[in-house]
Amino acid sequence: MTLPVPPSTEIILRNSIATVRDVLLPAVGDDEWAKFNAGLLEGALQYALESLSEDRAGSHRQHLAEALGGLADRVKTEGDASLQLALEIESPFEAASAVLIWVQNNPGTLADDLQQVLHAELFAQLDEELKAAMPIMGAFQRGMRGDL
Amino acid sequence: MNQAERHKRLSGYLVEPLQATGGVSITAEHRIAMGQSRAMYILDLEYSDVSGPRTRRVVARVEQHGHLGSDSRDEVAGMRALHASGFPVANVIAYEESDALLGQPFFVMDFVEGVSTWSEDTADEYVLRLHELHSLPIDDIDFLEPVSDGKGAALQEVERWYNTYHTHIVDEPSPLLEEAAQYLRNRAPDNDRVTLVHGDPGPGNYLHHEGRITALVDWEFIHLGDPYDDWAYLIWMRGAHALTEDQWIEKIEAIAGYRLDLERLHYWKAVNFLMGVCIDQTSHRIYVDGSNPAPNLLAIATGVHLSALKRLCDTVFD
């Protein structure tokens with residue numbers, strides 16, 4: 001073993017960002033397409049770096065499953081057969097999709113309550129992902145403005 | 001494919017459509033960053049035809065693995081029909097439907113002088129041009145999907161975009177998108193007028209030079225449908241940072257000469273946000289597949305897609 005402690009992914013990404021920003025981006029000159037890509041690459045690496053510390057996909061899946069689980073008793077007593085089947089779907093994202101389509105097709109108090117619970121969880125996830133995507137989104141917006 | 005190989009193939013390909021008497025030389029190439037669904041190359045050509053030696057600037061527009069859910073077929077057919085009718089659209093020189101030459105279908109059109117930056121001086125003329133597009137006869141148009149009676153204009157667009165999303169899902173569906181699509185299906189309005197629709201109109205998608213519009217561009221989403229589709233897109237998508245909602249509505253009503261039905265307009269606002277969310281999903285699929293590893297796809301698959309989803313939810317559920 002000549003490298004008992006390899007560089008961490010975080011270090012590699014952090015240093016790659018610095019290289020793209022300080023070496024490659026200034027070197028592309030007036031090439032519009034190359035400059036656009038170099039700027040986006042910096043944003044993409046930053047997005048990857050900031051996603052390293054947490055499993056957001058796993059967390060979203062777990063929290064949505066918990067929200068659906070909290071609806072089970074109500075659906076069992078008040079829901080029709082199609083709604084009950086929706087809650088039995090294994091994937092929480094597919095189950096939530098089926099429940100929310102049911103909500104749109106069956107307006108009423110039960111639909112409103114189901115929507116409120118699922119929207120609270122899904123909008124929180126949406127906001128979290130929007131925040132996480134800010135580095136790559138910012139680079140894209142700057143690139144579209146020709147501001148890199 | 002590197003630039004030298006691309007130039008070699010394009011040079012040979014262009015001899016026939018340009019009716020060149022010898023070879024065609026590409027003397028300069030500039031790839032532009034605008035336009036995410038296609039790779040866009042501005043090319044300077046030198047060749048001879050029966051009139052003698054000449055130079056010509058053209059634009060090659062190359063598909064990107066179905067990125068943003070469109071191909072060139074309707075775009076080229078629409079551009080050719082509109083150009084022939086005198087509408088300000090670039091002349092299409094050649095269309096290669098196969099991917100044999102450049103790895104993707106592409107077409108080549110004449111370069112049109114002008115810039116696409118926002119200019120309030122040209123806003124009135126632009127609205128007039130869009131209204132003229134909506135007023136063109138459509139009886140002879142046989143290359144676009146006809147609109148079904150009843151609620152066809154709305155339902156066909158909702159299903160078109162939903163199917164684009166659905167065929168590009170990566171791993172799991174988006175519950176909020178699924179719900180919003182159902183909301184729009186359940187509230188689809190009856191057809192009003194059926195016209196040609198640009199599908200992506202507004203600042204950035206028309207060229208102007210010395211205060212006059214020289215061309216409307218980016219026809220990849222041309223279809224038959226409800227003209228409110230275009231008006232809503234202009235107001236809340238491409239034109240949102242140029243003028244306020246009220247300013248656009250006032251301008252459209254004054255120039256088109258009819259009162260806008262605000263309920264219908266808001267329905268199409270939501271459909272346009274749905275469109276944005278759904279076509280952005282193609283970026284995710286193509287990026288994950290590795291068909292196109294460019295980082296702009298990652299940006300569209302994440303930040304752009306999520307921003308559109310947020311706006312869709314704000315429009316539909318609030």
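Where in chain B is the place of B:H305? I looked there to begin. B:H305 sits in helix α9 of chain B, which covers residues 295-317. I keep in mind that this is a predicted model.

**Entry: B:H305**

Next I looked up its partners, setting aside neighbours within four places in sequence. B:H305 is in contact with B:V277, B:D280, B:Q281 and B:I300.

**Entry: chain B as a whole**

I then stepped back to the chain. I find nine helices and nine strands in chain B. Chain B has 318 residues, and a compact globule of that length would have a radius of gyration near 20 Å. The value for chain B is 20 Å, so the two agree. Along its principal axes, the C-alpha trace spans about 60 × 50 × 35 Å.

I looked up burial for the chain too. Of the 318 residues, 60% count as buried. The accessible surface of chain B is about 13100 Å². Carbon and sulfur atoms hold 47% of that surface.

How do contacts run along the sequence? I took the contacts in chain B with a separation of 6 or more. Residues 24 or more positions apart account for 70% of them.

Chain B carries 26 positive and 50 negative side chains. The centres of the two sets lie 3 Å apart.

**Entry: nonpolar cores**

Which residues have the most contacts inside the largest nonpolar core? I list A:L114, A:L118, B:W219, B:W231, B:L265 and B:L274. That core has 116 residues.

I followed up A:L118. Not counting residues up to four places away in sequence, A:L118 touches A:L64, A:A67, A:L68, A:L71, A:A96, A:V99 and A:L100.

**Entry: positive phi**

Most residues other than glycine have a negative phi.

B:D171 has a positive phi of about 70 degrees and is not a glycine. I place B:D171 in the loop between α4 (152-166) and α5 (175-186) of chain B. Its relative accessible area is 72%, and exposed means over 50%, so B:D171 is exposed.

B:E210 has a positive phi near 50 degrees, and B:E210 is a residue other than glycine. I find B:E210 in the loop between β7 (206-209) and β8 (212-216) of chain B. B:E210 is exposed, with a relative accessible area of 73%.

Definitions and conventions:
Residues are numbered from 1 along each chain as its sequence is written. Chains are lettered from A and ligands numbered from 1 in the order in which they are written. This is a predicted model: local features need pLDDT of at least 70, side-chain atom pairs count only at pLDDT 80 or more; totals for chains, interfaces and linings use all residues. Side-chain values use heavy atoms; hydrogens and water are left out. Helices (H or I, at least four residues) and strands (E, at least two) are DSSP runs, numbered from the N terminus. The radius of gyration is taken over C-alpha atoms; the globule rule is 2.2 Å times the number of residues to the power 0.38. Buried means under 20% relative accessible area, exposed over 50%, partly exposed in between (1.4 Å probe, protein chains only). Contact means heavy atoms within 4.5 Å. Accessible areas come from the Shrake-Rupley method with a 1.4 Å probe; for residues, only the protein chains shown count as cover. Lys and Arg count as positive and Asp and Glu as negative; His and the chain ends are not counted. The place of a charge is taken as NZ of Lys, CZ of Arg, CG of Asp or CD of Glu. A nonpolar core is a set of buried Ala, Val, Leu, Ile, Met, Phe, Trp, Tyr and Cys residues joined through side-chain atoms within 4.5 Å.
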